[in-house]
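We will walk through it together, a piece at a time.

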Amino acid sequence: MKRILTLLRAVLAATTLVLVAPLAMAAAYEAPLPAEIGTAPDLCAMVACHEVMPGADSFSERMGRPAYVEAYRDGEQGRELIGYVFLSTDIVDIPAYSGKPVVTLIGMDTQGIIVGTRILRHSEPILLLGIPEEELTKFVNQYLGKFVGDKIEIGKSRPDAGYIGLDAITGATVTVIAQNQVMLRSGVAIARQVGILKSDPKPQARFTDVHELRSWEELVREGSVRRLTVRPEQLGLPRANEPYIEMYFGYLNVPAVGKSLLGMSGHERLMSRLEPNEHAIFIIANGVDSFKGSGFVRGGIYDRIQVAQDMDTFTFRDMDYYNLWGLEAEGAPGYRESGIFIIRDPVFSAAYPWSLVYLGNKLDRNTGERSFVSFDQEYWVPAHYLEGGRPTIIKPDPPWVRVWKMRAVEIGLFTAFLLAVATVYANRNRLTRMSNRKNKWPVNAFKYSFWVISVGFVGFYLLAQPSITQVLTWFHALLFQWKWELFLTDPFIFLFWIFIIVTVFVWGRGLFCGWMCPFGSLSELLYKIGGAVGLKRFQFKLSKPWHDRLKWVKYGVFFVLLAVSMFSMGLAEVLSEVEPFKTTFLVGLFSRTWPYTLFAAGLLALSIFIERPFCKYLCPLGAALAMPSTFRWYGLKRKQECDSCKACAVGCGSLAIDKDGRIDQRECLLCLDCMVYYTDTHACPPLAKERKRRLKAGLPLTPIGANGYYIPIHPEPMRPATAGKS
Amino acid sequence: MVDPRMPTDPIEPPYAGYSLPAMVLAEIWHHLWPWCHGGFQRKRALVAAEVAVALAVTLIWVLAALGRLDAAAIIGWWFGWSVFEVMIRMQSKPYVKEGPWWGRQYRKASLMDMISYVSFKNLLIGAALFLALKSMGLLVL
């Protein structure tokens, strides 16, 4: 007994080591960062700035808005500026697949060339175990030596359009697309701020001679005055009735707007103080916070607000601020704080849309960490104030649209595949009637074709293997930051899940699990091939009692994963390695460490001898889909005689038919073998009996009705001869 | 005799013969209220404890609305409540719907049927409440 316990302890310890080892290797996964990393002036005291800025001897404190630090080298002629280091989360708040940002430290030289990158923290589940974390490091290292103003996208280079292509990480498309945005937008923001990148000035707005004064309500309605509200809970603070800050703002150079708000003389005075191509906006605010900031000092910048237009940001210094003494517009609300700010950069043009941005820090209530977060509201001078109306703007496609366009053919093929499977299954009665016990090809030809497509095209080519990790990721995205764009960025998984959700409720999980799951299809194909090449005598089923015990294991696995994910997504991701999908399709059997390869290969080898062992006993995704399958709308048909007849049950590969002839809809993989029997007049005992009876009695064999029986013969009494015959 | 055409034996809930509007109301009540009148009469003490737990759950939601609890606690309670509800329903309303949701076929619930029903129903209710609270700014994460 003692020996057994010792052995058990050793096995447990080894298992734990195997499972936890990847966590140790994934150094940046949920890596703890100093709570003040987003706010402390001396950024480089907390993170290794020198790693991204080779040759630097010292660094400045954080400066500018968005923040960066200057890197210096000590030379013979004193300290020399050699570049800039910045933290991505100081500049953009773009979430990756997990719903959380990839915190990246970036170094850029004075020419705008990226000279160093380092991932400080990420929460990407796929990079915890499925794909080595070094792949993300390799990905961001592709930016080294590139100019921040370059057009860079994921995929092949397009020299004709001036795009440089970067290699994606297979299986982590969403992550790299988000990271590309992070790298480009962070780099451009700092490069513009320090003067490396200069924007071309846009044509300035020319205003119409509309001068009618408007009330406050009219100004708001026409969009000349807009509102930006930030609630305390958006910053991680306790909910309160009063907004954290509520700002109304508008563009004052438009004569009708400026005069309505400031009065005739006020507007004239303001305009007389502006140089050509200078722009005035007003802001009034209520709430608990101040948009000017309590720490504002003379000569400093207003660090809580800025104006953004395209990739340009415009910040304000004290000399850009004028007092706003009052609002003349009828019905203007009261306010606690006000100001007029002047944009002096000629790059800004009021003819084009711009945004007022409020910059804040969000408090993570669990860790106490603060992270940068921004809120913005777009503003565009109404068309009737612009000569010729608003200019036409062609906005670049968002990343997910680009992915859909880039992979349009594959998306089309995949959608056609999904529709084909649904159409074939919807016509299952026709196919099963065309089949019989000895010839199931009308059904199997479709099913086997779909398996091959699932394995080759869906699994290995598109890498669109649905997984329990996606369910957990969605769950967490729902909690933290749900962005449709993120899920749309992986079109195949997105479409697959829509299909799965719909078909689970219509027909049960069997259509996905039994006909389309890449791993399930591979598993059953191996079983069929094994049988075809002479291994049939070694193939076996577990006994029904053992099957009925073991089938619950997968539900246990699912509930454990769900429960663990509530406390630690990281651990849940580790445990979800019970799915061999990443090893088989995403990473490759021979690209992972041996325990994973052994596990996946072992399951596939076992599949040669037992039909779908993983699907029946271990798959947490199957369990998750089985539960709603209880309430599928349309199940398979049975006859009353099935309670004593075992013909279907004996051949049921899923072992889903019990001793009473009932089908367990949660376990059924919709192979349709029992439905072939259902209308087979030679295989289904009640039908065979009736067939023989009719043949013996010389009665016609009517077609099989929807209820699975011969359509009954109702002899009609002979009608008496009618009058017409007389 | 077992009817293999149904996964479990057919059953008729008390509202089986109601008109459509009354049936819809009865089903809503069925989804929201796990106890039945008969069960309440039989086991008063147990039901009192159950109600107390239900109140505790309500309190959790109120606290959540006040921003006092984080998501994990709510989900934990949701999970606990679901387990509790499964136990209650197996005694008081041990049946589930079979086939299309707009149909009127009911059958006796096995434990797994009930777990599936309660977890799925509560997931929908929980998600709807969660999103509603979050969108109204009542839930801070």
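Helices (H or I, at least four residues) and strands (E, at least two) are DSSP runs, numbered from the N terminus. With that in hand, chain B can be read along its sequence as α-α-α-α-β-β-α, a pattern made of five helices and two strands.

Two notes on reading what follows. Residues are numbered from 1 along each chain as its sequence is written, while chains are lettered from A and ligands numbered from 1 in the order in which they are written. This is a predicted model, so local features need pLDDT of at least 70 and side-chain atom pairs count only at pLDDT 80 or more, whereas totals for chains, interfaces and linings use all residues.

How confident is the predictor? The pLDDT is its confidence in each residue, from 0 to 100. Chain A has a mean pLDDT of 87, with 93% of its residues at 70 or more. Over residues 7–25 of chain A, however, the pLDDT is below 50, and this stretch has eight contacts in the model beyond near neighbours in sequence; a contact here is a pair of residues whose C-beta atoms, placed from the backbone, lie within 7 Å. Where pLDDT is low, the predicted coordinates should not be read in detail. For chain B the mean is 81, and 79% of its residues reach 70 or more. Within chain B, confidence is lowest in helix 2 (residues 37–42), at a mean of 61, and highest in strand 2 (residues 106–108), at 95. The model scores ipTM 0.86 and pTM 0.75.

A residue is buried if 20 or more other C-beta atoms lie within 10 Å of its own, exposed if 12 or fewer, and partly exposed in between, with C-beta atoms placed from the backbone. Among contacts in chain B between residues at least 6 apart in sequence, 61% join residues at least 24 apart.

Now move to chain A and find a pair of helices. Two packed helices are described by the angle between their axes and the distance between the axes. Axes are lines fitted to C-alpha atoms, for helices over the stretch in contact, and angles run from 0 to 180 degrees between N-to-C directions. Helix 6 (residues 255–262) and helix 7 (residues 264–273) of chain A pack at about 120°, their axes 6 Å apart. Helix 6 and helix 7 of chain A are therefore oblique to each other, given that angles under 35 degrees count as roughly parallel, over 145 as roughly antiparallel, 65 to 115 as roughly perpendicular and the rest as oblique. On the helix 6 side, the contact is made by A:Gly258, A:Lys259 and A:Leu262, and on the helix 7 side by A:Met264, A:Gly266, A:His267 and A:Leu270.

Which residues does A:Ser521 touch? This residue lies in helix 16 (residues 518–535) of chain A, and it counts as buried because it has 25 C-beta neighbours inside 10 Å. Not counting residues up to four places away in sequence, A:Ser521 touches A:Trp451, A:Ser454, A:Val455 and A:Met516.

Finally, visit two loops of chain A. A:Arg612 sits in the loop between helix 20 (594–607) and helix 21 (613–617), and has a positive phi of about 50° although it is not a glycine. A:Leu672, in the loop between helix 23 (647–651) and helix 24 (673–679), has a positive phi of about 75° although it is not a glycine.

Definitions and conventions
pLDDT = per-residue confidence, 0-100. Contact = placed C-beta atoms within 7 Å.
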